[in-house]
Structure formats: C-alpha cells, structure tokens
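Q: I have a new model open and would like to learn how to read it feature by feature. Could you walk me through it?

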Amino acid sequence: MRILVVEDEQDLASAIATSLRRDGYATDVAADGASALDRVAYSEYDLVCLDLNLPDVDGLDVCRQVTNGGTANAESGLLPPKVIMLTARGGIDDRIRGLDEGADDYLVKPFSLRELGARVRALLRRDSALGSSVVSVAGIEVDTARHEVTYDGVPVDLTAKEFALLRWFVLHPDEVHSAKRLLEHVWDEHADPFTNTVRVTLSNLRRKLAYAQPGANPIETITGRGYRLRSA
Ligand code: CA
C-alpha cells in the first residue's frame, strides 16, 4: 500500500509519515500542492492524506484533481487514490465541499495518529467488502490491525515488508501484479528499482507460507507477467 502525505507543517508531516511507515505502508511526503499533484501524476498511490490548508494550491483543488473528478492521473491511466482530508476545527464548509469533491473521509486537527491509522485501514479494505480488520483469502487470514497472519489456522511470523507484501496480495486477489507494480505499492520512493528486493522478499514470504502449510504455494508466478494470489 502506497500513501502520499500532503502537509506543509513539517513536524506533523513527519509524525504522520513515521506512524504510517510503522504500519508497513510505503509512504511519501509532499510539502505543497504542486509537488503533490506532480507525484500523483506519476505514481499510483492507494491513499492520500491531504491537508486542506496548503501554501500554494487550495487543498480542495488538489482533492478534485487526485480523485475521480480530476485530471491529475487520468492521462497516465492510473487508478485514483482514496483521500482523507486533514482539516482545521470549524472548517465544516470545507469538509462538505471536500466530500463532494470525492474525498472519502476527514480528520479534524489535532487528531491522534492511532485514529488516523484506523481510518486508513478502514478505507484501504473498503474494496475488499469485509467489515472487520481481518481479510481472508484461500485460508490465509491477515489481521490488518494487529499485523497478525495465520495460514489454515497456523500462525505465520512475518517481517514488516513481508507483511506489507502479503497484505497487498490479499487485498487484490486473483490479479496479476508485475514486480514493478509491487515495488510501486509496497516499497516507497527510496527503493532501488534495479535491485531484486521484490524477488527476495517474495521468496521469503513463500518459504514461510510453505512452512506453515507444507507443500502449499498460494502465490503463483505467471511467466513474463508477474505474480498472483489465487482466491480458490
Ligand atoms: Ca497546512
């Protein structure tokens, strides 16, 4: 899961980013609206935490441009991200306009980072049609709140990156993901696209899943295209 934090208050931006990275999300930071739009045009973010009060562009304009109603990512054919607005107390009109512009949720400053984490989890699994924090595919249960994984009931102990990779697969079952796409969604902008980091992490993840369920290999390789977690 790749998240963009758009916030010009540097301390707050870095506190949010640190908290999201701790939850295993690949997180980038933009300090103004122009650089946010630039990033969204070239990278497929799953979610944007967007401060409405930015130094250059109106946050509501940024919101419109990154969601379905906008143009920031339409030309490149990227899927629009979910948006959580970060707003000032009393900015009710802004919040209503933001929701009308396609934002999915909002938090009023000051907010707790734990609440932000819970809202992020809720939005990112909205597509998976499950009410709880647990996502289950082909016997693999991923608790996105507790960071716990079981495979046919057997606990699987994963590193943060292995967990983030598996979480991506269970939230997008039956889709074929290229190594490039995995790198984009599970690693952040500091990842070197020319290393074999995806292959190494995937191979460790597969080994641990096969250890929990001997002989099982739920994540298949589609030659020349990428990797897929089959739901059945
Ligand atoms: Ca601000």
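Q: Which residues of H6 are buried?
A: Buried means under 20% relative accessible area, exposed means over 50%, and partly exposed lies in between (1.4 Å probe, protein chains only). In H6 the buried residues are Glu162, Phe163, Ala164, Leu165, Leu166, Arg167, Trp168, Phe169, Val170 and Leu171. That makes 10 of the 12 residues in H6, a mostly covered helix. Keep in mind that this is a predicted model, where local features need pLDDT of at least 70, side-chain atom pairs count only at pLDDT 80 or more, and totals for chains, interfaces and linings use all residues. Residues are numbered from 1 along each chain as its sequence is written, and side-chain values use heavy atoms, with hydrogens and water left out.

Q: What span does helix H6 reach from its first C-alpha to its last?
A: Helices (H or I, at least four residues) and strands (E, at least two) are DSSP runs, numbered from the N terminus. The expected span of a helix is 1.5 Å times one less than its number of residues. H6 covers residues 160-171 and reaches 16 Å, close to the 16 Å expected.

Q: Which residues touch the most other members of the largest nonpolar core?
A: The general idea is that in soluble globular proteins, nonpolar side chains tend to be buried together. A nonpolar core is defined here as a set of buried Ala, Val, Leu, Ile, Met, Phe, Trp, Tyr and Cys residues joined through side-chain atoms within 4.5 Å. In this model the largest one has 45 residues, and Val120, Ile140 and Leu166 touch the most other members. H6 gives the most to this core, with eight residues. Domain 1 (2-126) and domain 2 (134-229) both give residues to the core, so it lies between them. Apart from this core lies another, of 18 residues, with Val6, Val40, Cys63 and Val66 among them.

Q: Which residues does Leu166 touch?
A: Contact means heavy atoms within 4.5 Å. Not counting residues up to four places away in sequence, Leu166 touches Ile140, Val142, Val149, Leu158, Leu205 and Leu209.

Q: How many Å separate the centres of domain 1 and domain 2?
A: Domain bounds come from an automatic or database domain assignment. Taken over C-alpha atoms, the centres of domain 1 and domain 2 are 26 Å apart. Their contact takes 18 residues from domain 1 and 14 residues from domain 2.

Q: In which sense do S7 and S8 pair, parallel or antiparallel?
A: Two strands pair if DSSP finds at least two bridges between them. Strand S7 (residues 140-143) and S8 pair in the antiparallel sense, over four bridges. Val142 stands opposite Val149 in S8. The two strands form a hairpin with four residues between them, and His147 in that turn has a positive phi of about 60°. On to the next partner: S8 and strand S9 (residues 154-156) run antiparallel, joined by three bridges. Here Val149 has Val156 as its bridge partner in S9. S8 and S9 also form a hairpin, with two residues between them and a positive phi of about 50° at Asp152 in the turn. For contrast, S1 and S2 pair in the parallel sense over five bridges, with Leu4 opposite Asp28 in S2.

Q: Which residues coordinate the calcium ion?
A: Donors are N, O and S atoms within 2.8 Å of the metal (3.2 Å for Na, K and Ca); water is not among the atoms, so sites may look incomplete. The calcium ion is coordinated by Asp8 (OD), Asp51 (OD) and Asn53 (O), at 2.2 to 2.4 Å. Asp8 lies in the loop between strand S1 (2-6) and helix H1 (10-22), and Asn53 in the loop between strand S3 (47-51) and helix H3 (59-66), so the pair ties together parts that are 45 residues apart in sequence. Along the chain, the donors follow the spacing D-x42-D-x1-N.

Q: Is Asn53 buried or exposed?
A: Asn53 is exposed, with a relative accessible area of 60%, while Asp8 is partly exposed at 33%.
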